[in-house]
Amino acid sequence: MTATDIAREVESLREQLENYNYQYYVLDDPSVPDAEYDRCMRRLQQLESAHPELLRADSPTQRVGASPLQHFEQVSHEVPMLSLDNAFDGQEMAAFNRRLLDRLGGTEETLEFACEPKLDGIAVSLLYRDGILERGATRGDGRTGENITQNVRTIASIPLRLRGEGYPRVLEVRGEIYLPKAGFDRLNTQARERGEKTFVNPRNAAAGSLRQLDSQITASRQLEMCCYSVGLVEGGDLPQKHSQVLALLQAWGLRINAESAVVSGIDACDDYYEALARRRDELPYDIDGIVFKVNVLALQKRLGFVSRAPRWAIARKFPAQEEMTRVLDVEFQVGRTGAITPVARLAPVFVGGVTVSNATLHNSDEISRLGLQIDDTVIVRRAGDVIPQVVSVILDKRPQISHPIVFPTQCPICGSAVEREEDEATLRCMGGLVCAAQQKAAIKHFVSRRAMDVDGLGAKLVDQLVDEGLVENVASLYSMEAEQVLALERMAQKSFDNLQAALERSKETTLPRFIFSLGIREVGEATALSLARHFGSWENLAQASEQQLLEVEDVGPIVADHLLQFFDSATSMAVVAALRSAGVHWNDLEVTPATAQPLHGETWVVTGKLEALGRNEAKAHLQNLGAKVAGSVSQRTHCVVAGPGAGSKLSKAEDLGVEVIDEEQFLALLRTLGAIE
């Protein structure tokens, strides 16, 4: 590249980053994922480092953030709120450690680091004077933020008055305000129901919530805050280590992150990073990395700062959960209930630790909300095992020629009519068991581990069996001809024998599993269990009236209607009869009123590794005793069963004062209640 080319690229990158900053920090409407912003920033830093003559004071690399909006009173930070440099792998962390040791001149052989999850929220400053909350402010550009005092006062995790004694006369606390995953999902669900724009991610939602002029709106968003440092301190002394400062803040009534730890040496930092990366998706909030800080404050002072960041701290980022890519096409898949789901075929992109080439689009309403067309550039999000989703369209990158997404008028698999029921966003194929896609999906559900648990009957084999006409419904699995199945590709005699043995074992089941295995719309495991307990036998359930069905916990008018449609279907009932003729059987249950069950009305959570019982077995015992088993801890949780390795759920239970028992205590309870011997 010529000098002119380099100068042009530098100027282009600056303009791009300033635009991204404006959209994210000022308009609360990010147009690109964080990974794209990081790439642009790192490229600009490289060019300016290689060509210092191009460095300017107004470059995005020389400032922390963007100018705030004028809707709130501006606040000057007495001590600037700087950002952090980033590391993206172990080599960059090792280089960070070497720089620290070199700058300390060999006076330290191994450094102690404070490790904290990097919460994906909004940095804020809280100013306490004589222990009373006087001001809350956003970070803004690091030197000037916005006064959001009325809004932060609505956040329950921010004390209006510090507890205890010994705090400085003036204490500025810094931390991250964020929206937990459950609150984010609830907020977007409400927005969709009202036909409003949804938030792209929890951080975007937290920013929008904090910058509401009406503090009642902020109060409704269920924001939380964790503290990570202090700024201005007058009229008092603090401990000599960062971790001790955080512990003192906690004693004064401020929340700190329960996952925080102190380790010795850079190898231990790597271990902490890997351990939390494995648990990242279990946490009730989003984190995008780990912050590592030299723990001894005297060493922090010796190490000092560069223009925009401290030398003694770094953020090691996780793989991006959001990325940009292009929609190449949209195809339509048919599920076991006939639901037709649009699926975006994407230019492959690495996101959330895997290469993604497909993303769900849910239904036509979601496509309309996104304003999506084929050939659009989009932001794709993948968090853990969650199915990748298209979260927004980057309209600035739309080509001159793009193509609207047209929904089919006939089933793409069987050609049957497609209908959209009233008050539903989903199109459905009306072909029923005529549709091969619905046949396959119904069989895959029937043989799944949580249903009839037929080991060895995988998705590919199911596809072959249906495509070759060897099975047409779940009952015909039990009457397959050996000669025909053995003729299938990759099907040897031993594999067939194993399959037959698995099918034979599956004939002995339970009533709740059998109800669940039938794939009746809206009837999941919990509802199937409630139905089995309430009616005791299949005959009683199949003959129940709508009123009787509505008496069952978890069953409302929609579920009752789906059940009645199933029982009124001659085809469905013929399949059930064929299954029973093939030898599928179960024991009827003794009908016990729900209110008579010992744990009725209680909500329990199981977390960590259980040695004597698997978590699924523990869950089944609790459900059989009448308890509801939830996936997260809240104030409504009655008790938490915590095994080794319990993490954030255990911490939250302790924070909320929820009762916690270990596996030994849980087993003793089960024996007392007669659930086990």
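This is a predicted model: local features need pLDDT of at least 70, side-chain atom pairs count only at pLDDT 80 or more; totals for chains, interfaces and linings use all residues.
Residues are numbered from 1 along each chain as its sequence is written, and side-chain values use heavy atoms, leaving out hydrogens and water.

Now show all of H20 (residues 557-568) and H21 (residues 570-581): their axes come within 5 Å and cross at roughly 75°. Axes here are lines fitted to C-alpha atoms, for helices over the stretch in contact, with angles from 0 to 180 degrees between N-to-C directions. Helices are DSSP runs of H or I with at least four residues, strands are E runs of at least two, and both are numbered from the N terminus.

Next, jump to the open sheet, ordered S20-S19-S21-S22 with parallel pairing; two strands pair if DSSP finds at least two bridges between them. Its edges are S20 (628-630) and S22 (659-661), each pairing on one side only. Neighbouring strands are turned by 30° against each other on average, ignoring direction.

Zoom in on S19 (residues 603-607), which three bridges join to S20. Pick Thr 603, whose bridge partner in S20 is Lys 628.

Last stop: select H24 (residues 663-672), which lies across S19, S21 (639-642) and S22 and runs at about 90° to S22.

How values were computed: Contact means heavy atoms within 4.5 Å.
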